[in-house]
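Please read the points below alongside the model.

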Amino acid sequence: FNEVAGRGAKASDETLFSNLSGQSLSDETFIDDVRALQKETKVLPNSICFEITETAAIDNLSDAVGFISEIREQGFRFALDDFGVGMSSFTYLKTIPLDYLKIDGSFVLNMLKAPIDMGIVSACNTIAHAVGLKTIAEFVETSDIQDALAKLGVDYGQGYGIARPAPLQ
């Protein structure tokens with residue numbers, strides 16, 4: 001929050017994605033801590049997107065739905081990370097209130113070599129868009145992968161093919 005506040009983020013400027021552990025979902029004080037930090041730093045809630053892995057969300061489904069619903073009511077956004085590695089992934093998209101779906105990088109990395117991975121990436125993107133989510137592909141390591149993702153209609157990508165990690169200013 002302090003990094004975003006220091007840059008004076010506005011609603012349309014940028015979004016900071018922050019990974020949460022599964023334990024955060026059941027920590028009753030975590031939401032209060034987030035609210036306090038937001039008030040202290042005056043960061044716009046919609047400039048913060050919390051991420052949790054699909055596995056952690058499914059393992060704590062009741063806590064996850066409650067936490068995500070409450071945090072989104074405050075204006076924060078939420079992403080389901082590493083999507084596609086769980087056994088019943090699509091079922092949970094109807095249950096968990098989300099803003100973004102991050103397509104697992106293991107599928108993206110091999111999508112040009114393995115038709116099954118291309119199919120999984122395409123299916124994840126299509127289903128996510130059908131429920132109104134924006135998609136983010138992980139492990140976008142080459143311009144060829146980036147081009148293929150653009151043709152599929154994936155909304156965003158992250159990986160060395162787009163940009164190397166850089167220090168926050």
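1. Among contacts in the chain between residues at least 6 apart in sequence, what percentage join residues at least 24 apart? The share is 66%, where a contact means heavy atoms within 4.5 Å.

2. Some conventions come first. This is a predicted model, in which local features need pLDDT of at least 70 and side-chain atom pairs count only at pLDDT 80 or more, while totals for chains, interfaces and linings use all residues. Residues are numbered from 1 along each chain as its sequence is written, and side-chain values use heavy atoms, with hydrogens and water left out.

3. On confidence, the chain has a mean pLDDT of 85, and 89% of its residues reach 70 or more; pLDDT is the predictor's confidence in each residue, from 0 to 100. Among the elements, the highest mean, 97, belongs to helix α9 (residues 143-152), and the lowest, 45, to helix α1 (residues 2-7). Residues 1-12 have pLDDT below 50, and this stretch has 29 contacts in the model beyond near neighbours in sequence. Where pLDDT is low, the predicted coordinates should not be read in detail.

4. The chain contains nine helices and six strands. These are DSSP runs numbered from the N terminus: helices are H or I with at least four residues, and strands are E with at least two. Of the 169 residues, 40% count as buried, that is, under 20% relative accessible area, with exposed set at over 50% and partly exposed in between (1.4 Å probe, protein chains only). The accessible surface comes to about 9,000 Å², and 51% of it belongs to carbon and sulfur atoms; such areas come from the Shrake-Rupley method with a 1.4 Å probe, and for residues only the protein chains shown count as cover.

5. The six strands form an open sheet with parallel pairing, in the order β1-β2-β3-β4-β5-β6. Two strands pair if DSSP finds at least two bridges between them. At the edges are β1 (16-19) and β6 (156-157), each of which pairs on one side only.

6. Strand β4 deserves a separate look. Strand β3 (residues 77-83) pairs with strand β4 (residues 100-103) in the parallel sense over three bridges; Leu80 has Leu101 as its bridge partner, and Phe83 stands opposite Ile103. β4 also pairs with β5, again in the parallel sense, over four bridges, and here Leu101 stands opposite Thr135. In a regular strand the side chains alternate between the two faces of the sheet. In β4, Tyr100 and Lys102 point one way and Leu101 and Ile103 the other way, and all are buried.

7. Is Thr135 buried or exposed? Thr135, in strand β5 (residues 134-137), is buried, because its relative accessible area is 0%. Its side chain makes a polar contact with the side chain of Asn125 at 2.7 Å; a polar contact is a pair of N or O atoms within 3.5 Å, where within protein one must be able to donate a hydrogen and the other to accept it, and residues adjacent in sequence count only if both atoms are side-chain atoms. Leaving aside neighbours within four places in sequence, the contacts of Thr135 include Leu101, Ile103, Cys124 and Tyr156.

8. The structure holds zero disulfides, a disulfide being a pair of cysteine sulfur atoms within 2.5 Å. Cys49 counts as buried because its relative accessible area is 0%, and Cys124 is likewise buried, at 2%.

9. Glu73 lies in helix α5 (residues 61-73) and is exposed, with a relative accessible area of 66%. Its C-alpha atom is separated by 9.9 Å from that of Pro45, 28 residues apart along the chain.
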